[in-house]
Amino acid sequence: MRFGIARGLKGSFDSGLDQLKLGRESAYATAGLLVLAKRPWGTVMLLRDIAHVAGVSQNFLAKIFQKLARGGIVTSSRGAVRGYFLARRPKEITAKEIFLVVEGSDLFDRCIFGSDRCVDSKLCPMHFRWQKVRERLIAALMERTTLADLVRDAAKRPSLHGKFDAVVT
């Protein structure tokens, strides 16, 4: 999954922005969360059903949903009705918090070149410029983008993330 913002920037950032990728975990997390977000808030679903509707691996999604539960994005229900539900309404969950939970707290600190060698003691040539882009554009965009926004976007283009059914807002 690539950020769409990378396509719109030109100049010296072009080759480096290709390095800014979210992993498969983020793609699966987004797909699974969209399944929940499209149903009335508070709906509990079995993980196997979420995985089936999203068209993703149940085993991999199970590990991701454990992270999402620890991060306060979803809640697991172990009573008579077992499964997962969103911990908050879709409009209250930002893309930024989803990706930070899944990718790790260093998501916005990573080098534009994907280099492990870019550290405070030995910076890459783009370090300071990339830091500004991360803070002003990407982190801000993700903070403004909610799960509800992603549901609306998916409704416009259902082929974005597997098998989607009708949107419930």
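Q: Are Phe65 and Tyr84 buried or exposed?
A: Phe65 is buried, and Tyr84 is buried as well. Buried here stands for under 20% relative accessible area, exposed for over 50%, and partly exposed for what lies in between, with a 1.4 Å probe and protein chains only.

Q: Before we go on, what sort of model is this?
A: This is a predicted model, where local features need pLDDT of at least 70, side-chain atom pairs count only at pLDDT 80 or more, and totals for chains, interfaces and linings use all residues. Residues are numbered from 1 along each chain as its sequence is written, and side-chain values use heavy atoms, with hydrogens and water left out.

Q: OK, what is the mean pLDDT of the protein chain?
A: The mean is 79, and 76% of the residues reach 70 or more. pLDDT is the predictor's confidence in each residue, on a scale from 0 to 100.

Q: Which elements have the lowest and the highest mean pLDDT?
A: Helix α1 (residues 5–8) has the lowest, at 36, while α5 has the highest, at 97. Helices (H or I, at least four residues) and strands (E, at least two) are DSSP runs numbered from the N terminus.

Q: And where does pLDDT stay under 50?
A: Residues 1–19 stay under 50, and the model gives them 30 contacts beyond four places in sequence. Residues 160–169 are also below 50, with 26 contacts beyond near neighbours in sequence. A contact means heavy atoms within 4.5 Å.

Q: Let's turn to α5. How far apart are its end C-alpha atoms?
A: They are 18 Å apart, which agrees with the 18 Å that its 13 residues should span at 1.5 Å a residue. The expected span is 1.5 Å times one less than the number of residues.

Q: Which residues of α5 are buried?
A: Leu61, Ile64, Phe65 and Leu68 are buried. Seen down the axis of α5, the buried residues fall within an arc of 105 degrees, so they line one face of the helix. That arc is taken from the directions from the helix axis to the C-beta atoms.

Q: Why would spacing like that put residues on one side?
A: An α-helix has 3.6 residues a turn, so residues three or four places apart point the same way.

Q: Which residues are exposed on the other side of α5?
A: Asn59, Lys63 and Arg70 are exposed there.

Q: What covers the buried residues of α5?
A: The cover includes α3, α4, β1, β2 and α6.

Q: How many residues of α3 are buried, then?
A: Helix α3 is mostly covered, with 11 of its 14 residues buried. Among them are Tyr28, Leu33, Leu34, Val35 and Leu36. What covers the buried residues of α3 includes α4 (47–54), α5 (58–70), β1 (74–78), β2 (82–86), α6 (95–103) and α8 (147–156).

Q: And how far does α3 reach?
A: Helix α3 covers residues 24–37 and reaches 20 Å from its first C-alpha to its last, close to the 20 Å expected.

Q: Changing topic: how many aromatic pairs are there?
A: A search of the whole structure finds 2. The rings of Tyr28 and Phe60 have centres 5.1 Å apart and planes at 70 degrees, so that pair is edge-to-face. Tyr28 is in helix α3 and Phe60 in helix α5, 32 residues apart. Phe65 and Tyr84 also form an edge-to-face pair, at 5.1 Å centre to centre with 80 degrees between the planes. Phe65 belongs to helix α5 and Tyr84 to strand β2, 19 residues apart. Rings of Phe, Tyr and Trp (its six-membered ring) pair if their centres lie within 6.5 Å; planes under 30 degrees apart count as stacked, over 60 as edge-to-face and the rest as tilted.

Q: How many salt bridges does the structure hold?
A: There are 4, where a salt bridge is a side-chain nitrogen of Lys or Arg within 4 Å of a carboxyl oxygen of Asp or Glu. In one of them, the side chains of Glu25 and Lys67 meet at 3.0 Å, N to O. Glu25 lies in helix α3 and Lys67 in helix α5, so the pair ties together parts that are 42 residues apart in sequence.

Q: Which residue does Lys96 meet in a salt bridge?
A: Lys96 meets Glu143, at 3.8 Å, N to O. Lys96 sits in helix α6 and Glu143 in helix α7 (residues 127–144), so this pair ties together parts that are 47 residues apart in sequence. Glu143 counts as partly exposed, at 43% relative accessibility.
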